[in-house]
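Subject: Structure handover

Hello,

Here is the structure I said I would pass on. My notes on it follow below.

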Amino acid sequence: MKAHFIGGGIGSLAGAAFLIRDGGVVGSDITIYEGLSLVGGSLDGTRLADHAYSLRGGRMLTTDHYECTWDLLKGIPSIDNPSKTVYEETVAFNEEQKAHSQARLIDHNCFKIDVSTMGFTMQDRIELVRLAETSEEELGASRITDWLSPPFFQTNFWCMWQTTFAFQTWHSAVELKRYLHRFINEFPRIETLGGVKRTVYNQFDAIVRPLLEWLQQKGVRFENGVRVTDMELIDEAGKLRVAGLSLSRDGKLESLTVKDGDLVFFQNGSMTDATSLGTMTSPPKRLTKADSHGWELWEKIAADRPEFGNPAVFNSSIPESYWESFTVTCSTPAFFDKMERFSGNRAGTGGLVTFKDSNWLMSVVLYHQPHFIDQPANLQVLWGYALHPDRVGDFVPKPMSACSGAEILRELCGHLNFDPSVFDGATCIPCNLPYITSMFMPRAKGDRPLPVPKNSKNLAFISQFVEIPDDVVFTVEYSIRVAQTAVYQLLGLDQQIPPITRHDRSIKVIVETIEKAFA
């Protein structure tokens, strides 16, 4: 049996690992096809020219959840210390660097807002409970604004929850409901981000690199620079089987036969598709799926096959699914020193600092240094993002999407009332992400395919755009849980997938949440 993975994101890497670990598949019988030069998908971290770094995003982890993620990483050796697993390394690191934000929200006067209260009225509490307890069938494809009134979106809770998880008011009510249940134990400590865990380095260096090295040692084949452009699907007694793949390699088309008994795992859609980087002097280009071709294969095979999902639900409205991030590489400690004094947090312990009154709704986070394996000691890296990049800035009279890196730094200094000299010699790399929250778009039942559709014989879907019950997208955990589910189903493995920890059924957590809601 051969296994073919289309896309080199964390879902494919995890799926290959589960095939080897739990399915007994030989690594050399597994091939991962990736159009880019690197694997890792959205878990990226890049060193650019001129000693600058770029991160499209930064995933927050938690040891109270992420059951499938830790189940996998408990068997993957660390890069820095092979005698430890990635899981052990991460737990030990977070014992030393405990998260406890002291400056979660900042107002327009540069005051740290008192976030000990969620700011709820009784009407807010009633509406939130009603949304959380309404069935997904009844919520359907409704939006968050269909269930919560305008005053709710002015509360401390909403600003913290929204910027922690990157929700917009027009996103899926179902997804917000799932988040409220999945992360209910984070509700009582949302103002400190006390449950957030970070990896030693960025997620590419801390998770992807060691997993990639483990897979390569097992003999897994990686075909970089290869894009799968089509699938040959044939009907065999009512079951669809992938019989062939069309590949584009260096601009040349190839055909690959998929034999009966072989398996195909497809990463359908991508939240980081069509991303683009700017510079200190120029904004990022505004790209779409027409520039990247990243959604074409899913659109092609889903046409007239409703069981394969409906990609148009997720990729048809960039203004509702995009935001912009930026990575700052500092060559002097001036900004980090001043920010640490202002926030009261050492770098790596504070989590997101959100400027609540910012037109862009900007947030920044100071990571523990070094944040990259090869990072020189004289450099420091921070990351930020804004949920409303098409709005005119408070200190720069243009939308963030039209700003260079230098202009973004000027806006950031304005919100902190810092002298721009703190960024002397710094490099800011803006990143436009047109589909970054596309998986949050309102959806109906069937818009996301099952990991293994009922009429599929050898094709599985593994991505953020796949339907599994109860868990939440925009997490590393979702990609890995979907991959584990798909592998077990296609192989017919009689093994239990680590169950979701139901904090929403813990009396202690519920009592603490109620107390916090009434604070």
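Strands β11 and β16 (residues 427–433) pair in the antiparallel sense, over two bridges. This is a predicted model, and everything below should be read as computed from it. Within that pairing, Ser276 has Asn432 of β16 as its bridge partner.

Both strands belong to an open sheet of seven strands, ordered β5-β13-β14-β15-β12-β16-β11, with mixed pairing. The edges are taken by β5 (105–106) and β11 (276–277), each of which pairs on one side only.

Leaving aside residues up to four places away in sequence, Leu433 touches Arg56, Thr272, Thr275, Ser321, Tyr322, Trp323 and Ser325. The C-alpha atom of Leu433 is also 7.5 Å from that of Asp273, although the two residues are 160 positions apart along the chain.

Helix α13 (residues 334–343) packs against several of the elements already named. Its buried residues are Phe335, Phe336, Met339, Phe342 and Ser343. Viewed down the axis of α13, these residues fall within an arc of 130°, so they line one face of the helix. They pack against β5, β12, β13, β14, β15 and α14. After α13 comes Gly344, which has a positive phi near 85°.

The other sheet in my notes is an open one of three strands, in the order β7-β8-β9, with antiparallel pairing. β7 (226–236) and β9 (252–257) are at the edges with a single partner strand each, so one side of each has no neighbour in the sheet. On average, neighbouring strands here are turned by 25° against each other, direction ignored.

β7 and β8 (residues 239–249) are joined by ten bridges in the antiparallel sense. Glu236 stands opposite Lys239 of β8. The hairpin formed by β7 and β8 has two residues between the strands, and in it Ala237 takes a positive phi near 55°.

On helix packing, I looked at α4 (122–133) and α7 (residues 173–182). They pack at an angle of about 95°, and their axes are 8 Å apart. That angle makes α4 roughly perpendicular to α7. On the α4 side the contact is made by Leu128, Leu131, Ala132 and Glu133. The α7 side contributes Ala173, Leu176, Lys177, Leu180 and His181. Sorted by class, the contact between α4 and α7 comprises six nonpolar, one polar and two charged residues.

A few backbone details are worth checking in the viewer. Most residues other than glycine have a negative phi, and most peptide bonds are trans. Against that background, these are the departures I noted:

- Gln369 and Pro370 are joined by a cis peptide bond, with omega about 0°. Pro370 is found in the loop between β14 and β15 (380–386).
- Cys110 is not a glycine, yet its phi is positive, at about 65°. Cys110 is placed in the loop between β5 and α4.
- Asp304, likewise a residue other than glycine, has a positive phi near 65°. Asp304 sits in the loop between α10 (296–302) and α11 (312–315). With a relative accessible area of 80%, Asp304 is exposed.

Regards

Terms used. Residues are numbered from 1 along each chain as its sequence is written. This is a predicted model: local features need pLDDT of at least 70, side-chain atom pairs count only at pLDDT 80 or more; totals for chains, interfaces and linings use all residues. Side-chain values use heavy atoms; hydrogens and water are left out. Two strands pair if DSSP finds at least two bridges between them. Helices (H or I, at least four residues) and strands (E, at least two) are DSSP runs, numbered from the N terminus. Axes are lines fitted to C-alpha atoms, for helices over the stretch in contact, and angles run from 0 to 180 degrees between N-to-C directions. Buried means under 20% relative accessible area, exposed over 50%, partly exposed in between (1.4 Å probe, protein chains only). Angles under 35 degrees count as roughly parallel, over 145 as roughly antiparallel, 65 to 115 as roughly perpendicular and the rest as oblique. Contact means heavy atoms within 4.5 Å. Ala, Val, Leu, Ile, Met, Phe, Trp, Tyr, Cys and Pro count as nonpolar, Asp, Glu, Lys and Arg as charged, and the others, Gly among them, as polar. The arc is that of the directions from the helix axis to the C-beta atoms.
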